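Me: I have a structure open and want to learn how to read it. Can we take the features one by one?

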Amino acid sequence: KGCEPDIPADATLDCIVELLDFEWIDDASDLPIEERIKIGSAKKDRGNFWHSREEFSISGHCYKRALDFFEIRDEEMKFKNEDSEHSSLVNTLIELRTTTYNNLAAVHIKTEDFDAALKAVNSALTLQEKNVKALFRKGKILGCLGEYTEAVEALRGASKLEPENKAIQSELLRMTSKSRQQLANEKVMYKRMLQLDKSPQPTQCTKRNWSLKWSIVASGVVAALAVVAFYVNQ
């Protein structure tokens with residue numbers, strides 16, 4: 001895409017990169033919470049950059065690395081509802097982790113890996129069950145998987161939180177229509193399986209009437225043949 005006006009699109013660039021220093025981190029969970037927020041945020045921002053350039057494989061890798069740094073320890077969750085500086089840091093970590101899961105889900109939607117996308121939004125909702133973006137994306141993902149009834153349920157949850165959101169309302173109407181059509185198709189299928197859509201069979205009375213008619217016709221034919229035989233033999 002280039003970087004106008006300095007670099008035109010599709011330009012060939014020769015770059016020289018010099019590595020000045022690096023620091024190897026064996027386990028992100030060993031770092032203080034402030035450092036994890038700082039490093040994880042940088043990786044999340046890098047993922048956003050690559051996502052904006054539609055480099056979904058790279059952006060997905062960046063988001064996954066960010067999640068390593070946004071991992072929340074069990075002992076840290078105890079401070080979640082306290083009124084303290086540490087509690088504020090823990091809630092920041094939760095917010096960043098939820099956002100990153102949402103971003104990762106968006107990547108998987110773009111690459112049509114809907115099972116992985118569903119796993120990502122469910123992880124986000126585990127952290128924040130009323131996260132509107134996660135509920136909205138879950139509805140879209142379930143729709144792509146053909147799970148229209150569950151999609152409607154997720155979108156209704158998002159709609160309750162943001163009733164004025166036009167995108168949510170539009171998707172909810174679309175999934176509701178598909179859900180109704182799916183139920184109608186299933187009813188037709190079950191009806192056929194149970195053989196309930198066969199044409200009505202003749203009643204016993206109708207059968208007797210037809211038998212009587214054929215008996216009369218047969219008797220008439222026999223009588224006619226007898227008359228013909230009589231005149232032939234004369």
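This is a predicted model: local features need pLDDT of at least 70, side-chain atom pairs count only at pLDDT 80 or more; totals for chains, interfaces and linings use all residues.

Me: Which residue forms a salt bridge with Asp45?

Reply: Side chains of opposite charge can pair when their charged atoms come close. Here Asp45 pairs with Lys44, with the closest N and O atoms 3.8 Å apart. Lys44 is buried, at 11% relative accessible area.

Me: How many salt bridges does the structure hold?

Reply: Four. One of them joins Asp68 and Arg65, with the closest N and O atoms 2.8 Å apart. Both residues lie in helix H2, three residues apart, about one turn of the helix.

Me: What does the salt bridge between Glu71 and Arg97 tie together?

Reply: Their closest N and O atoms are 3.3 Å apart. Glu71 lies in the loop between H2 and helix H3, and Arg97 in helix H4, so the pair ties together parts that are 26 residues apart in sequence. Glu71 is partly exposed, at 39%. Arg97 is buried, at 10%.

Me: Now the nonpolar residues. Which members of the largest nonpolar core touch the most other members?

Reply: In soluble globular proteins, nonpolar side chains tend to be buried together. The largest nonpolar core here has 28 residues, and Ile141 and Met175 touch the most other members. H5 gives the most, with seven.

Me: Which residues are in contact with Ile141, leaving aside its neighbours within four places in sequence?

Reply: Ile109, Phe114, Ala117, Leu118 and Val121.

Methods:
Residues are numbered from 1 along each chain as its sequence is written. Side-chain values use heavy atoms; hydrogens and water are left out. A nonpolar core is a set of buried Ala, Val, Leu, Ile, Met, Phe, Trp, Tyr and Cys residues joined through side-chain atoms within 4.5 Å. Buried means under 20% relative accessible area, exposed over 50%, partly exposed in between (1.4 Å probe, protein chains only). Helices (H or I, at least four residues) and strands (E, at least two) are DSSP runs, numbered from the N terminus. Contact means heavy atoms within 4.5 Å. A salt bridge is a side-chain nitrogen of Lys or Arg within 4 Å of a carboxyl oxygen of Asp or Glu.
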